[in-house]
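Please keep the sequence and the model in view while reading.

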Amino acid sequence: MQFIISRENLLKPLQQVCGVLNSRPNIPVLNNVLLQIENNQLNITGTDLEVELSTKTPLLHAEQDGKFTIPAKKFLDICRSLPENAEITVTFEEDRAIVRSDRSKFNLSTLPAEDYPNLTDWQSEVDFTLEQATLRLLIEATQFSMANQDARYFLNGMKFETEGNLLRTVATDGHRLAVCTIPLEQDLQTHSVILPRKGVLELARLLEPSDQPARLQIGTNNLRIQLNNITFTSKLIDGRFPDYRRVLPRNATRIVEAGWETLNKPLYVRQFYLTNVSVAYAYNSVKTNLKSPPPTRNKKLRKKLSMSLTAEKKWKWASMSAIF
């Protein structure tokens, strides 16, 4: 079994797939990527059992269809070391893969393709399409609030929620909360899932700021997104996300609107006086934290800082500890 591919067509897809692999997997076959040849196309798949990424790229020549595994990192290093316009020939012989290009030759051990796991066998409950730029905006607007290795495992990710014609992302670490909502062109059933932190970060890396379509499929235990020649699949966190609506102010009587730069400058200066007491407030859909000044013996400074906190009368104090 043999196929030929250009370095240009192989390098980027292989880099994308290798990005989801674990550096120290518990199963030896997870050190490899799965190569599937079909209709003169190469499908490259990598997984760490939590996130799976598949990409398609055209071949110059293929003897026949088939599937094999090959060591991911070594194969990627070989591709990087070759000249830009190189053609790569890969030959599979029993449990070996021979990689040739011009005068270079590499011999790699392989593992059976039948042992490679996959996350593809599941049914979606919600299926819709939106622009990549829109989905990227939803993630970027809230991902900074995700928890990282928190004992409350359901906070180590991002909530995706559909409600009518609305798609919403929510993230919190128990101290700050970010919510972003966009309208869609179709009505969807009400459904919510929690995408793990690694899946969120990998997805943000794959999405482009363009109007290219992204097909989003949400199931009970998995979420899949199709981007042109890329298929991204992730397991979901099995847990109950906190009721974030209890934190948001209701029936607000004082609303302040300002330009982003106008609001950002005083907040940037204010960060030098942060302490342990938080004030939660909202600017449009962005949730941020203000904190009260530290105690000081300098009466003038204390008076100045207290005056700067008169805004606290205009903002709603919210304790998130009762919710999380």
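In this predicted model, helix H1 passes helix H2 in a left-handed crossing. The two helices, H1 covering residues 7-18 and H2 covering residues 72-81, pack at an angle of about 145°, and their axes lie 10 Å apart. On the H1 side the contact is made by Arg7, Leu10, Leu11, Leu14, Gln15 and Cys18, which meet Ala72, Lys73, Phe75, Leu76, Cys79 and Arg80 of H2. Sorted by class, this contact of H1 with H2 has eight nonpolar residues, one polar residue and three charged residues.

One of the H1 residues in this contact is Leu10, whose relative accessible area is 0%, so Leu10 counts as buried, the cut-off being under 20%. Leaving aside residues up to four places away in sequence, Leu10 touches Phe75 and Cys79, and also Ile5, Leu42, Ile44 and Ile88. Leu10 and Pro58 are 48 residues apart in sequence, while their C-alpha atoms are 8.7 Å apart in space.

Asn43 has its place in strand E3, which spans residues 41-47. Is Asn43 buried or exposed? With a relative accessibility of 18%, Asn43 counts as buried, because the cut-off is under 20%. Residues up to four places away in sequence again being left out, Asn43 touches Leu34, Leu35 and Gln36, as well as Ser54, Thr55 and Lys56.

The accessibility values of the two residues are set out below.

| Residue | Relative accessible area |
|---|---|
| Leu10 | 0% |
| Asn43 | 18% |

Key. Residues numbered from 1 in each chain as written. Predicted model: local features only at pLDDT ≥ 70, side-chain atom pairs only at ≥ 80, totals over all residues. Heavy atoms only, no water. Axes fitted to C-alpha atoms, helices over the stretch in contact; angles between N-to-C directions. Helix = DSSP H or I, 4+ residues; strand = E, 2+ residues; numbered from the N terminus. Left-handed = near helix turned anticlockwise from the far one by under 90°. Contact = heavy atoms within 4.5 Å. Nonpolar A, V, L, I, M, F, W, Y, C, P; charged D, E, K, R; others polar. Buried < 20%, exposed > 50% of the residue type's maximum accessible area, 1.4 Å probe, protein only.
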